[in-house]
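Here are some notes to read with the model open.

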Amino acid sequence: MTIEKLTEHFGGNGVSFEDFHGFPAVRLTNEYSSALISLYGGHVVEFILPDTEPVLWMSKKSLFQQGSPMRGGVPICFPWFGAAPQGRTGGHGFVRNQMWEMSAAGIAPEGGTFATLHFQNDDFELFYTVTANRMLTLSLEVVNSGVADLEFSGSLHTYFNISDIEKTTVENLDGVSYLDTVLKQDDIQHGTLHIDREIDRIYRTCGSARIKDTGFNRIIHVDKYGSDSTVIWNPWVAKSQRMQDFGDEEFRTMLCIEAAKVPLTGDFGIAAGGMPYELRQVIRVELPD
């Protein structure tokens with residue numbers, strides 16, 4: 001649909017539509033916050049609260065073109081996470097490189113505004129509901145279109161905007177085991193996570209994590225449901241310089257924390273026929289008094 005048609009069918013009550021780098025996007029606006037979701041990839045690109053910096057990070061070198069994923073915000077990795085399975089191509093699945101359709105939008109029952117986007121192919125349907133109020137709630141519902149169980153992996157690959165990686169730590173992972181895919185070894189987290197090099201870890205936990213950012217004087221709470229893996233990623237210096245769509249120094253102001261299902265650690269999602277599976281992430285910002 002064009003922006004005009006989208007506005008006609010779904011606009012009003014804090015829901016509007018605009019162009020985002022050549023793709024239609026839905027804007028959610030309310031007394032608490034503002035969010036922007038591109039229909040290309042079902043990609044949340046913005047979440048803004050009053051009195052603090054933007055919560056999500058977008059690369060200034062991101063590609064905004066059909067067939068390429070955007071760098072930053074919240075890409076949806078599905079129906080696989082990581083390298084493509086045998087016989088398929090493309091890392092992190094293909095839905096982040098496809099156009100989605102609007103399904104519903106309006107005032108959220110819990111306050112604020114919401115938009116539900118829809119994606120369908122022969123094997124599955126996805127319903128992605130983004131709710132913006134004092135929090136940002138991301139709910140990805142996987143519906144199996146077949147009779148046999150649908151096995152999948154994926155993530156809500158969230159890029160958080162931080163003041164400086166040296167002023168940022170991650171809490172609430174003490175005692176959690178993880179796979180370090182950079183060092184290719186298993187380990188256990190002891191205390192607070194301080195990042196001073198490239199990090200790509202899969203923490204085996206269904207619990208929450210907290211980003212403590214002393215530069216922006218805030219704590220970002222990352223809660224989740226339907227996920228037994230928390231992925232934490234920062235490319236650091238060398239990998240940043242190798243990526244076409246990532247600035248050489250941008251690693252300093254971003255940190256990924258992802259609600260995920262990751263096959264590398266044996267963590268698959270299963271959607272039975274007629275039984276939806278939900279992967280949900282809730283992002284809440286705490287501003288100290």
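1. Is Lys-261 buried or exposed? In this predicted model, Lys-261 is buried, with a relative accessible area of 4%. Its salt-bridge partner is Asp-267, with N and O 2.7 Å apart. Asp-267 counts as buried too, at 8% relative accessibility.

2. Some of them share partners, and that joins Glu-18, Arg-27 and Glu-46 into one network.

3. Asp-186 is exposed at 51% relative accessible area, while Arg-204 is partly exposed at 35%.

4. Arg-252 and Glu-249 make another salt bridge, with 2.8 Å between the closest N and O atoms. Arg-252 is partly exposed, at 33%, and Glu-249 is partly exposed as well, at 48%.

5. On to the pockets. The largest has a volume of about 580 Å³ and a lining of 25 residues. If you want to find its centre, go to Phe-81, Gly-82, His-92, His-157 and Asp-200, the lining residues nearest to it. Strand 17 (199–204) and strand 20 (229–234) are the elements that give two or more residues to this lining. By class, the lining has 14 nonpolar, five polar and six charged residues.

6. The second largest pocket holds about 230 Å³ of space. Of its 14 lining residues, Pro-79, Trp-80, Arg-88, Glu-151 and Phe-152 lie nearest the centre. Strand 10 (residues 150–152) gives the largest share of the lining, three residues. Nine of the lining residues are nonpolar, two are polar and three are charged.

7. Last, the cysteines. How many disulfides are there? The count comes to zero. Take Cys-77: the closest cysteine sulfur, in Cys-256, is 9.2 Å away, so that is too far for a bond, given a cut-off of 2.5 Å between sulfur atoms. Cys-77 is buried, at 1% relative accessibility, whereas Cys-206 is exposed, at 55%.

Technical notes
Residues are numbered from 1 along each chain as its sequence is written. This is a predicted model: local features need pLDDT of at least 70, side-chain atom pairs count only at pLDDT 80 or more; totals for chains, interfaces and linings use all residues. Side-chain values use heavy atoms; hydrogens and water are left out. Buried means under 20% relative accessible area, exposed over 50%, partly exposed in between (1.4 Å probe, protein chains only). On a 1 Å grid over the protein atoms alone, a cavity is a set of points where a 1.4 Å probe fits but cannot get out, and a pocket is an open set with protein on both sides within 12 Å along at least five of seven lines; lining residues have an atom within 4 Å of a point. Grid points are joined across faces, edges and corners, and a volume is the space filled by probe spheres set on the points. Helices (H or I, at least four residues) and strands (E, at least two) are DSSP runs, numbered from the N terminus. Ala, Val, Leu, Ile, Met, Phe, Trp, Tyr, Cys and Pro count as nonpolar, Asp, Glu, Lys and Arg as charged, and the others, Gly among them, as polar. A salt bridge is a side-chain nitrogen of Lys or Arg within 4 Å of a carboxyl oxygen of Asp or Glu.
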